[in-house]
Amino acid sequence: PTYNSHVERTHRIDMEELWRKKRYYSFHSMQLALRKYVLHFNHHRATPSKNWRTPIQFANDTFGLHSTKIPYRVQDV
């Protein structure tokens with residue numbers, strides 16, 4: 001319950017920026033688009049709520065997490 005609002009907001013952003021922009025005709029094309037989007041979202045999309053840092057920069061600055069230590073694939077997201 002504590003983080004539910006954050007999850008809901010992320011789902012809304014995903015819907016607005018990824019799923020509504022294009023029609024996908026295969027599962028493979030959806031996977032590729034999602035992989036590209038997740039990498040962009042985590043490494044290049046700076047947000048005002050994180051003082052104009054990307055989620056990876058924020059995690060590194062706040063928790064000492066480095067992007068090389070975060071092994072994720074589209075299936076893991």
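Author: Helices (H or I, at least four residues) and strands (E, at least two) are DSSP runs, numbered from the N terminus. This is a predicted model in which local features need pLDDT of at least 70 and side-chain atom pairs count only at pLDDT 80 or more, while totals for chains, interfaces and linings use all residues. Residues are numbered from 1 along each chain as its sequence is written, and side-chain values use heavy atoms, with hydrogens and water left out.

Reader: Why are Pro 55, Ile 56 and Ala 59 called the buried residues of α3?

Author: Buried means under 20% relative accessible area (exposed is over 50%, partly exposed in between; 1.4 Å probe, protein chains only). In α3, Pro 55, Ile 56 and Ala 59 are the residues classed as buried. Viewed down the axis of α3, they fall within an arc of 100°, so they line one face of the helix; the arc is that of the directions from the helix axis to the C-beta atoms. Their cover includes α2. Over the chain, buried residues are 23% of the 77 residues.

Reader: What makes Ile 13, Leu 18, Tyr 24, Ala 33, Leu 34, Tyr 37, Val 38 and Phe 41 a nonpolar core?

Author: A nonpolar core is a set of buried Ala, Val, Leu, Ile, Met, Phe, Trp, Tyr and Cys residues joined through side-chain atoms within 4.5 Å. These eight residues form the largest such core. The elements giving two or more residues to this core are α1 (4–19) and α2, and α2 gives the most, with five. In soluble globular proteins, nonpolar side chains tend to be buried together.

Reader: Which residues does Ile 13 touch, not counting those up to four places away in sequence?

Author: Contact means heavy atoms within 4.5 Å. On that basis Ile 13 touches Leu 18, Tyr 37, Phe 41 and Arg 45.

Reader: How do you know that the side chain of Arg 53 makes a polar contact with the backbone oxygen of Lys 50?

Author: A polar contact is a pair of N or O atoms within 3.5 Å; within protein, one must be able to donate a hydrogen and the other to accept it, and residues adjacent in sequence count only if both atoms are side-chain atoms. The Arg 53 side chain reaches the backbone oxygen of Lys 50 at 2.9 Å. Arg 53 is in the loop between α2 (27–43) and α3 (55–63).
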